[in-house]
Amino acid sequence: MSRVRVALASVLVGMAALTACSSSSDKPDSASGGAKPASSPAPKPITKDLAQADLTQALLGDGETLPGYSLHGDKSTTEGQYCNATDDDSTPKGWVRGSDVAYEYNGSTLNMASVHICLFGSAKDAHSAYAAWKGNETSKQQDPKHPVGDESTLVINPGASEDSVYGYSRSGKANVRVKIDGATGGDPSGAEVMLSATLKRLQQLQDGKPPTATAADEQANARK
């Protein structure tokens with residue numbers, strides 16, 4: 001009988017140790033009322049070789065961009081040199097294809113905006129082109145309030161421009177550039193939401209979904 005009691009005591013000690021380990025590792029988050037907080041999924045980088053039609057669909061159209069802006073002409077296929085720095089007319093390494101669009105402001109070409117999407121063969125090549133795009137005027141660069149893609153930068157009044165904002169973003173192997181010339185008062189929020197909306201449309205297309213994101217959606221999200 002003494003051997004049975006010893007064996008039973010050993011089992012009980014083992015069960016107590018297991019219970020202690022389980023309760024410590026599965027302890028709920030007290031700040032969430034006992035439930036573990038659910039984290040929102042991170043945006044997916046652009047990794048697919050998107051077709052030319054996808055890049056064109058990702059560009060914001062009438063009623064999808066910022067208030068006051070409308071399409072100036074048609075959405076276009078981008079030549080390789082326009083995916084490089086402004087002072088370099090060569091096609092950047094790894095460039096695959098691109099698409100771009102221009103917008104009038106209140107029916108005038110005095111203050112216009114534009115968006116370029118450039119797709120590369122690898123994230124490394126896209127990063128190199130992104131770095132060339134944003135330039136070296138670090139004193140005029142600032143981070144968006146909400147990061148856009150893998151890396152993003154807003155440049156206030158680049159070069160000798162006034163009241164202009166340029167936005168640059170890279171997600172995986174795709175780059176997005178937004179230019180808003182004048183009519184901004186140096187406010188970068190419009191460029192930021194156009195960057196974000198364009199990238200989300202690329203992500204929707206990559207997932208096989210229709211592009212529904214708009215600048216108005218991103219403005220609403222930014223206010224939350």
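This is a predicted model: local features need pLDDT of at least 70, side-chain atom pairs count only at pLDDT 80 or more; totals for chains, interfaces and linings use all residues.
The protein chain contains five helices and eight strands. Read from the N terminus, the order of these elements is α-α-β-β-β-β-α-β-β-β-β-α-α. The chain has 224 residues, and 39% of them count as buried. Its accessible surface amounts to about 12300 Å², and carbon and sulfur atoms account for 53% of that area. Contacts across the sequence were also examined. Of the contacts between residues at least 6 apart in sequence, 56% join residues at least 24 apart.

Charged side chains were considered next. The structure holds seven salt bridges. One of them is formed by Asp49 and Arg97, whose closest N and O atoms lie 2.9 Å apart. This pair links distant parts of the chain, for Asp49 is found in the loop between helix 1 (2–25) and helix 2 (52–58), while Arg97 belongs to strand 3 (residues 95–105), and the two are 48 residues apart. Asp49 counts as exposed because its relative accessibility is 51%, and the cut-off for that class is over 50%. Arg97, with a relative accessible area of 22%, is partly exposed.

A salt bridge also joins Lys140 to Glu137, with 3.5 Å between the closest N and O atoms. Lys140 is partly exposed at 25% relative accessibility, and Glu137 is likewise partly exposed, at 31%.

The salt bridge between Arg170 and Glu151 has its closest N and O atoms 2.5 Å apart. Arg170 lies in strand 7 (residues 165–171) and Glu151 in strand 6 (residues 151–156); the pair therefore ties together parts that are 19 residues apart in sequence. Arg170 counts as buried at 12% relative accessibility, and Glu151 counts as buried at 19%. Through salt bridges that share partners, Asp150, Glu151 and Arg170 are joined into one network.

Aromatic side chains were then searched. A pair of aromatic rings is described by the distance of the centres and the angle of the planes. Two aromatic pairs are found in the whole structure. In the pair of Tyr69 and Tyr105, the ring centres are 4.8 Å apart and the planes stand at 45°, so the arrangement is tilted. Because Tyr69 lies in strand 1 (residues 69–71) and Tyr105 in strand 3, this pair ties together parts that are 36 residues apart in sequence. Tyr69 is buried, with 9% relative accessibility, whereas Tyr105 is partly exposed at 26%.

The pair of Trp133 and Tyr168 has ring centres 6.1 Å apart and planes at 45°, and it is therefore tilted. Trp133 sits in helix 3 (residues 123–134) and Tyr168 in strand 7, so that distant parts of the chain, 35 residues apart, are linked. Trp133 is buried, with a relative accessible area of 6%, and Tyr168 is buried as well, with 5%.

Rolling a probe the size of a water molecule over the atoms shows where empty space is left. Helix 4 provides the largest share, four residues.

Helix 4 also contains Gln206. With a relative accessible area of 6%, Gln206 is buried, because the cut-off for a buried residue is under 20%. Gln206 and Lys48 are 158 residues apart along the chain, but their C-alpha atoms are separated by 6.7 Å. Apart from its neighbours within four places in sequence, Gln206 is in contact with Lys44, Pro45, Ile46, Thr47, Lys48 and Leu50.

Note on methods: Residues are numbered from 1 along each chain as its sequence is written. Side-chain values use heavy atoms; hydrogens and water are left out. Buried means under 20% relative accessible area, exposed over 50%, partly exposed in between (1.4 Å probe, protein chains only). Contact means heavy atoms within 4.5 Å. Accessible areas come from the Shrake-Rupley method with a 1.4 Å probe; for residues, only the protein chains shown count as cover. A salt bridge is a side-chain nitrogen of Lys or Arg within 4 Å of a carboxyl oxygen of Asp or Glu. Rings of Phe, Tyr and Trp (its six-membered ring) pair if their centres lie within 6.5 Å; planes under 30 degrees apart count as stacked, over 60 as edge-to-face and the rest as tilted.
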